[in-house]
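Please have the sequence and the model at hand.

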Amino acid sequence: MDNARPSTDIWRMDYDVIIAGGGLNGCALSLALAQGGLSVALVDPVAQTTRGAGGFDGRSYALSVASKAMLGALGLWAELKAGAQPILDIRITDGRVGQGPSPLMLEFDHAEIEEGPMGFMVEDRNLRPVLLAAVQANARITAIDGARVVAQQPAADGITVTLDTGDTLNAALLVGCDGRGSGVARRAGIKRMGWEYGQNALVAAIRHERDHHGVAHQFFMPEGPLAILPLQDNRSSIVWTEQRARAQALTDLPDDAYLDVLRPRFGDFLGKISLAGKRYTYPLALSIAQRFYADRTALVGDAAHAIHPIAGQGLNAGLKDVASLAEVLTLARRRGENIGTEAVLARYEQWRRFDVNALALATDGFNRLFSNDNPLLRAARDAGLGLVNALPGLRRRFIREAAGLTGDRPKLLGGRRV
């Protein structure tokens, strides 16, 4: 990190907050901060027209009830609703390839909570353009495309950010929304802790003959889980976990051969299947920043934490960061505080740290428990699924947790403006 500018300098503030990274979390944070009255510079190396272009490519996200409420509070859900697929039921089973699932199933039904569907599947081609258009239309947000943050220099009153274009910007706070390899975090001296899983996630969209009826499936196999998540128009999104070498070999297969391997895992309950859109693969790891803030700097989303996708909570966890940080900064500004100080940023870390650690431990534990073929563990986990399924109170608690309806929630996650 560069040395801090002497506090005797006259400080010129260009923005309240500079956000490095204009992905989903970066856009959502800029909108939430602007709604709270703060001025924002949103910096991304890729042009908005490129980030928001293209038709269906298979990418989609499982949004919790709380995340949907937040998008509603930001004025975006009305435009997204028509293209969103409600998740009405979740079925969790254990089994082996070719043998089908265990008879001991854990089933979550949306009728068990008052808030309606447990979540919604939203395609990237719908969500990203809506966020980008809202950013472009907001007078409090300055979108700086085709530029990357390459240096940051904290000072007593704020932080100076240098772009690869040679331009410099000043703000009270810099927020890293620039992914798990965050340059913002690295320059701030924030290290990460975690480990590799030796697994890759294979992600694709599948077209099938039969109606999924809004049911999501999580099928645990010894090699790793297969999630089948409902989309509109008789399509589903899959997140298929395999050991890394095996996953790479599958990635290298042509589409027909890829489907031949997938079919005995997917099953025939939805009829014939085919690919709909592109195929993706990415390595899986647990990676959490040792701190979520440093001098005049905060981290959000994957820049702060990356977890196993086993619970489908990646984007939801990032949006929790967004809602929490936006509320902390907005309320601090209203109290007349300098929003980039340690006293303010510590509130954000305190709000998010326990939840992030708990989610990381839960996803890590589930992956280790189910991604093996140990007969003793297999019997124990099958019995555990059956036990939870037989206890309505515990089952309802799990549903509300997955829907983001528990704990000390920021106002935005409850559908309220700050």
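In this predicted model, the side chains of E242 and R265 meet in a salt bridge, with 3.3 Å from N to O. E242 belongs to strand β16 (residues 235-243) and R265 to helix α8 (residues 255-266), so this pair ties together parts that are 23 residues apart in sequence. Both partners fall under the 20% cut-off for buried residues: E242 has a relative accessible area of 2%, and R265 has 10%.

The structure holds 23 salt bridges. Another of them links D124 with R59, whose closest N and O atoms are 3.1 Å apart. Because D124 sits in helix α5 and R59 in the loop between α2 (48-51) and β3 (60-64), the pair connects parts that are 65 residues apart in sequence. Is D124 buried or exposed? D124 counts as buried, at 4% relative accessibility, while R59 is partly exposed at 31%.

E349 and R353 also form a salt bridge, and here the closest N and O atoms are 2.9 Å apart. These two residues are four apart within helix α10 (residues 342-370), which means that about one helical turn separates them. E349 is buried at 13% relative accessibility, and R353 is buried too, at 14%.

| Salt bridge | N to O distance | Relative accessibility |
|---|---|---|
| E242 and R265 | 3.3 Å | E242 2%, R265 10% |
| D124 and R59 | 3.1 Å | D124 4%, R59 31% |
| E349 and R353 | 2.9 Å | E349 13%, R353 14% |

Helix α5 (residues 124-137) also packs with helix α1 (residues 24-35), at an angle of about 35 degrees and with the axes 10 Å apart. The crossing of α1 past α5 is left-handed. On the α1 side, L24, C27, A28, S30 and L31 make the contact, and α5 contributes L127, R128, L131, L132, A134 and V135. Sorted by class, nine of these residues are nonpolar, one is polar and one is charged.

Lastly, take a look at D44 in strand β2 (residues 40-44). D44 is buried, with a relative accessible area of 10%. A polar atom of the D44 side chain lies 2.9 Å from the backbone nitrogen of V46. Which residues does D44 contact, leaving aside neighbours within four places in sequence? They are G21, G22, G23, R51, I144, D145, G146 and A147.

Conventions. Residues numbered from 1 in each chain as written. Predicted model: local features only at pLDDT ≥ 70, side-chain atom pairs only at ≥ 80, totals over all residues. Heavy atoms only, no water. Buried < 20%, exposed > 50% of the residue type's maximum accessible area, 1.4 Å probe, protein only. Polar contact = N/O pair within 3.5 Å; in protein donor to acceptor, adjacent residues only side chain to side chain. Contact = heavy atoms within 4.5 Å. Axes fitted to C-alpha atoms, helices over the stretch in contact; angles between N-to-C directions. Left-handed = near helix turned anticlockwise from the far one by under 90°. Nonpolar A, V, L, I, M, F, W, Y, C, P; charged D, E, K, R; others polar.
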